Each structure stands twice: as structure tokens, then as C-alpha cells.
Amino acid sequence: YHKDMLLSYEYFAANLRESNCIFESFKICNTHLPLSPYLSESLVPALEAAETLYTLELSNCLGPSDLKSVVAFLAKNQVLHSLNLSGHCFDEETAISLANAIRKHPVLYAIDLDSCSLGGGNTEVLNKILYASKECDSLVLGHPSFTSENVGLLARFIGKRIALTSLSLNNVWVNKDNQKLLSHALGKNKNISELSLRNW
């Protein structure tokens with residue numbers, strides 16, 4: 001992003017707000033948006049007005065304050081089905097707020113947090129994210145900050161009665177002990193029909 005592009009971004013946001021907000025999917029990927037408060041003041045109002053917005057992807061494009069704005073949007077949203085926030089670093093406070101928003105959302109069923117640092121590998125934060133996602137259909141996680149303790153927690157989560165049918169774990173190192181835990185947990189889980197483990 002370059003500041004000379006701000007007018008173009010503002011024009012885009014204005015057109016979006018004036019489109020009667022009839023769209024089901026909104027995606028921005030690998031494009032750095034203008035600095036805050038562009039997202040909260042220009043884009044979020046359009047997203048809030050979109051009563052048919054079922055898919056939202058904002059991947060690898062947000063700064064820390066923008067992440068907080070997206071989480072605040074999610075906390076008020078009632079219609080979103082699929083959320084992709086991959087490629088971001090969440091501090092502990094924002095990650096916990098995200099978990100709370102996911103847990104309280106009435107119809108969110110697909111969550112993609114691939115390549116996301118969740119509180120820098122904080123196990124309590126990951127536990128809240130997992131608990132919040134237990135009624136969802138699909139969950140994608142993974143980041144080099146994942147610790148062995150994180151993976152063990154995930155294995156125990158998989159072994160419980162959860163609704164997940166699709167699980168992806170990417171770019172996480174899994175030692176032999178945790179491989180055994182994961183194998184045992186997957187043997188107990190009867191719901192997961194799609195499993196992806198990449199680069200581990």
C-alpha cells in the first residue's frame with residue numbers, strides 16, 4: 001500500500017457502501033490495506049449493512065488495530081457462515097476476543113486461522129479458540145509458534161465429542177509423542193471425515 005492509493009481505496013469503499021450491500025461474499029487477500037482507521041471507518045460499515053454476507057475473507061492484509069475492528073464486527077454479526085482471517089498475528093487480548101465472538105456466533109461454521117499466531121503460542125488462548133469452535137464444521141489452524149503443548153491440547157480436543165467434520169493443521173512440528181496422541185484421538189473421533197496435516 002502507498003498513501004497515493006488512498007483515494008482509490010476510498011472510492012472502492014464508497015461504491016461498496018452505495019451498492020445496497022447486496023453481496024454474499026467479500027474477500028481481500030495478500031493486499032495491505034490503508035492504515036487504520038480505513039477499515040473500521042470505510043469498510044466495516046458496508047460489511048455491517050450487508051444482510052446477505054455469508055463468506056468473509058481478510059487474509060494477510062490487516063494490521064493489529066484492524067484485527068480488533070474485525071473481531072468487533074464479528075461480535076455483532078448474526079449471518080456470517082464462513083470466516084477466513086489467515087496470515088495474521090493475534091495478540092492474546094484480540095485472540096481471546098475472537099474466541100468469544102466465535103463462541104457466541106449463531107451460524108458460523110467454517111473458520112480459517114491458517115498461519116495465524118494466536119497469542120504467540122499461548123496454550124490458554126488456543127484452548128479458548130478450540131472450545132469456541134467445537135460446534136463448527138470446519139477449522140484450519142497452524143503456525144510455527146505452535147508449541148508441543150499446543151499440539152497435545154489439540155489432540156485432547158479432537159478426542160472429545162465435537163461437531164467438527166473437517167480439520168487442517170499446517171506448518172506445525174509434531175513430535176513422536178504428540179503423533180501418538182493425535183492418532184489415538186483421531187481413532188476416537190467419529191465425526192472428522194476430512195483431515196489435512198501439512199508440513200509437519
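**Notebook: cavity and cysteines**

I looked up the largest cavity and noted a volume of about 40 Å³, where a volume is the space filled by probe spheres set on grid points joined across faces, edges and corners. A cavity here is a set of points, on a 1 Å grid over the protein atoms alone, where a 1.4 Å probe fits but cannot get out. I keep in mind that this is a predicted model, in which local features need pLDDT of at least 70 and side-chain atom pairs count only at pLDDT 80 or more, while totals for chains, interfaces and linings use all residues. Residues are numbered from 1 along each chain as its sequence is written, and side-chain values use heavy atoms, with hydrogens and water left out.

By this rule I count one cavity of 30 Å³ or more. I then listed the lining of the largest cavity (residues with an atom within 4 Å of a point), and found Leu 154, Ile 158, Leu 167, Leu 169, Leu 182, Leu 186, Leu 195 and Leu 197.

Next I looked for disulfides, meaning pairs of cysteine sulfur atoms within 2.5 Å, and the structure holds zero. The sulfur of Cys 89 lies 7.7 Å from the closest cysteine sulfur, that of Cys 116, which is too far for a bond. I noted that Cys 89 is exposed, at a relative accessible area of 55%, whereas Cys 116 is buried, at 0%; buried means under 20% relative accessible area and exposed over 50%, with a 1.4 Å probe and protein chains only.

How values were computed. On a 1 Å grid over the protein atoms alone, a cavity is a set of points where a 1.4 Å probe fits but cannot get out, and a pocket is an open set with protein on both sides within 12 Å along at least five of seven lines; lining residues have an atom within 4 Å of a point.
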